[in-house]
Amino acid sequence: VFIKPFLHQQLSHRKMPENNKARKKLRVCVATCNRADYSKLAPIMFGIKAQPDEFELEVVVLGSHLIDDYGNTFRMIEQDDFDIGSKLHTIVRGEDEAAMVESVGLALVKLPDVLHRLRPDVLVVHGDRFDALALATAAALMNIRILHLEGGEVSGTIDDSIRHAISKLAHYHACCTRSAEQHLIAMCEDHARILLAGCPSYDKLLAAHYRDDYMDIIKNWLGDHVKEHDYIVALQHPVTTDIKNSIKIYELMLDALISFNKRTLILFPNIDAGSKEMVRVMRKKGVEQHPNFRAVKHVPFEQFIQLVCHAGAMIGNSSCGVREAGAFGTPVINLGSRQTGRETGENVLHVRDADTQNKIYHALELQFGKRYPCSKIYGDGNAVPRILKFLQTIDLDEPLQKTFCFPPVKEWDISQDIDHILETQSALAVDLGGTNLRVAIVSMTGKIVKKYTQANPKTFEERIALILKMCKEALSDAVCLNCRILGVGVSTGGRVNPQEGVVLHSTKLIQEWSSIDIRTPLSDALHLPVWVDNDGNCAALAEKKFGHGKGVENFVTIITGTGIGGGIIQHNELVHGSTFCAAELGHIMVSLDGPECMCGSRGCIEAYASGMALQREAKRLHDEDVLKVDGITDMKNNEPVSAVHLINAARLGNSKADAVLQTAGMALGVGIVNILHMVNPSLVILSGVLASHYQSPVQQVIEQRALPSARSIRVLTSDLEEPALMGAASMVLDYTTRRLY
């Protein structure tokens, strides 16, 4: 239901074949094998059911859905008001390798009759389970078109082989990440039949992220005395290519959880080979009777979302830990090799060689109770509309035989979206200035797609509320502009701890903005990862990605505006310093008894060369009635004197105004000479409104006062119009989230 308005909006613009008016409803068969794949398929099923004029839905249930030991989870499909067309008992019990093979064979015996009776136009198959392989094999041999969800991913076990085999049998692909899309292209799949959609479960997951009754759900499963962020969710499955070791890891995990002494909700493993032995280990250790544990076979997905969202940590090797948990910032400990190769957010701590209880216990100590930025690697909440639009573009008259592309001919940054056009990877950039608050959608190439500007409020509450309002407006517009927002970058004045996303001390221009956590409220409200840094550092990052600093290993950017700031790039990395004030370039002292600076000291570069310093001197000359020159008309009544009047007066020959600018240029030049002697960059980039006025005098001071080895260093003025916004965007666009323990 939550996608219906979006669908009506998109369908009015879609491009359909000319003969579409006479086209019959598309008969779509969705086949689900277990509780995990149903959480991905259910949002699509609801979407199909919501459009009875376009689609006819058939549902086939098989696999562990129909086994009591695994919760008889077919009942939740019935509770969702879906008519199950066929129930196929396809599992051969035994939970070993031979039983898995026999289960595939049994499914292949039973499926032809069902598929022949239903005669679907398209069969939707999810993931990498052995049951799904049987479905894809039967459909391919019966000339039924197959749409495969979540192909192209890498996880490091037999699941990889099954997943890729299904992809080769499938005619169409809806994948979750750009890397998965590239893997499918590398496998010679037709790029025109690959949709970069995102994970369908994220549509439901993000929509139901916050519920007022989440504590009732927690207490229902874990007891009345459990608090938010003070319990663990554990879910560990066998690794079919290394059963013996996976059982050992499971035993060590249980020992570590028992020692850790926190309330734990532990779910039974899936039906793969080795699961029976894992259940024996659980019962041998008395987990089902242990006062700290609640062992269950199944939790409804909507409730499971809340349990994971508010957990102190999740542990095991379930794909939920490396995929869905990232959307909440829930800390995860991933054990063993089952998810090797998966793309993960920074919330995941990998314990690849989980060979001791102490190592797992230490990982729990490191992760439990922490919170991380929300990650949307696997989806942005709009997967279902994309997939439904993709289904509607399937031409049933085109040849069924697959064609393969040898070799791939598309560039890495081309993706297929709902209208078969480029969906641009973009960032949401926020710039907090002393006067204005600005938000922009910035593409991977540095193009500002759309910009929003409002006056910066004076109070913290109003400022945060306005940032969220502007960001939400931009996110809404991004869908129509075909931009996929990867995260939010914030540029702000003052001293910033970028690791925690906290403004430590603000400039005097921005009130109520010290000791402020920006990351958490933005990340929680927008469901996106958030990065924060000082505006000077952002300007340096902007030059590194989009400007003169591109490809330069060591350079310095200096902002010349209302104040003086900047950033230092050393060995291709931004320098922050031990207390995050490494690039406070405006407060380099160039005189022991110079003018007073806003920082409280005297003789800083900012006290000589900033816009505020020039305005101060302009007012002094005006009060002395020596600012007027021929060619400048009298200022209008009540017009404030500014640095612009000083610069114009100097340009027209006012010697006193020119002397002020010469002193400012000298002060800035001496400060830059000090920088050259300290960090020895190969390039200095002047940015901001005063940059062009300072380039020549700064270059002269360097030639006169720098050491011979530093005199050849170039001084350039920036070509970037919006360095703060571009730098904020670059934090998002260049970020990598992989961590290894």
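**Cavities and aromatic pairs**

Modeller: This is a predicted model. Its largest cavity has a volume of about 720 Å³.

Biologist: Which residues are the closest to its centre?

Modeller: They are N34, R35, A36, D37 and S319, out of 41 residues that line the largest cavity.

Biologist: And which elements give two or more residues to that lining?

Modeller: Those elements are α2 (35–49), α6 (158–169), α12 (301–309) and α13 (319–322). Helix α2 gives the most, with 6 residues.

Biologist: What is the make-up of the lining by class?

Modeller: The lining of the largest cavity has 14 charged, 14 polar and 13 nonpolar residues. At least three lining residues come from each of domain 1 (26–199) and domain 2 (206–367).

Biologist: How many cavities of 30 Å³ or more are there?

Modeller: The structure holds 9 of them. The second largest cavity contains about 90 Å³ of space.

Biologist: What lines that second largest cavity?

Modeller: It is lined by 14 residues, and N534, N537, F580, C581 and A583 lie nearest its centre. Strands β18 (495–497) and β21 (530–534) each supply at least two residues of this lining. By class, the second largest cavity is lined by 6 nonpolar, 5 polar and 3 charged residues.

Biologist: Which domains does the lining of the second largest cavity draw on?

Modeller: At least three residues come from each of domain 3 (426–547) and domain 4 (548–719).

Biologist: Changing topic, how many aromatic pairs are there?

Modeller: The count comes to 5 aromatic pairs. One of them is formed by F46 and F82, which are tilted, with 4.8 Å centre to centre and 55 degrees between the planes.

Biologist: Where do F46 and F82 sit in the chain?

Modeller: F46 is in helix α2, while F82 is in the loop between α3 (74–79) and β3 (84–88), so this pair links distant parts of the chain, 36 residues apart.

Biologist: Is F82 buried or exposed?

Modeller: F82 is buried because its relative accessible area is 5%, whereas F46 counts as partly exposed at 29%.

Biologist: What about F460 and W513?

Modeller: F460 and W513 form a tilted aromatic pair, at 6.2 Å centre to centre and 45 degrees between the planes. F460 lies in helix α16 (residues 460–480) and W513 in the loop between β19 (502–505) and β20 (516–517), so the pair ties together parts 53 residues apart in sequence. W513 is buried, with a relative accessible area of 1%, and F460 is partly exposed, at 24%.

Biologist: Which residues form an aromatic cluster?

Modeller: F260, Y361 and F368 form one aromatic cluster.

Notes
Residues are numbered from 1 along each chain as its sequence is written. This is a predicted model: local features need pLDDT of at least 70, side-chain atom pairs count only at pLDDT 80 or more; totals for chains, interfaces and linings use all residues. Side-chain values use heavy atoms; hydrogens and water are left out. On a 1 Å grid over the protein atoms alone, a cavity is a set of points where a 1.4 Å probe fits but cannot get out, and a pocket is an open set with protein on both sides within 12 Å along at least five of seven lines; lining residues have an atom within 4 Å of a point. Grid points are joined across faces, edges and corners, and a volume is the space filled by probe spheres set on the points. Helices (H or I, at least four residues) and strands (E, at least two) are DSSP runs, numbered from the N terminus. Ala, Val, Leu, Ile, Met, Phe, Trp, Tyr, Cys and Pro count as nonpolar, Asp, Glu, Lys and Arg as charged, and the others, Gly among them, as polar. Domain bounds come from an automatic or database domain assignment. Rings of Phe, Tyr and Trp (its six-membered ring) pair if their centres lie within 6.5 Å; planes under 30 degrees apart count as stacked, over 60 as edge-to-face and the rest as tilted. Buried means under 20% relative accessible area, exposed over 50%, partly exposed in between (1.4 Å probe, protein chains only).
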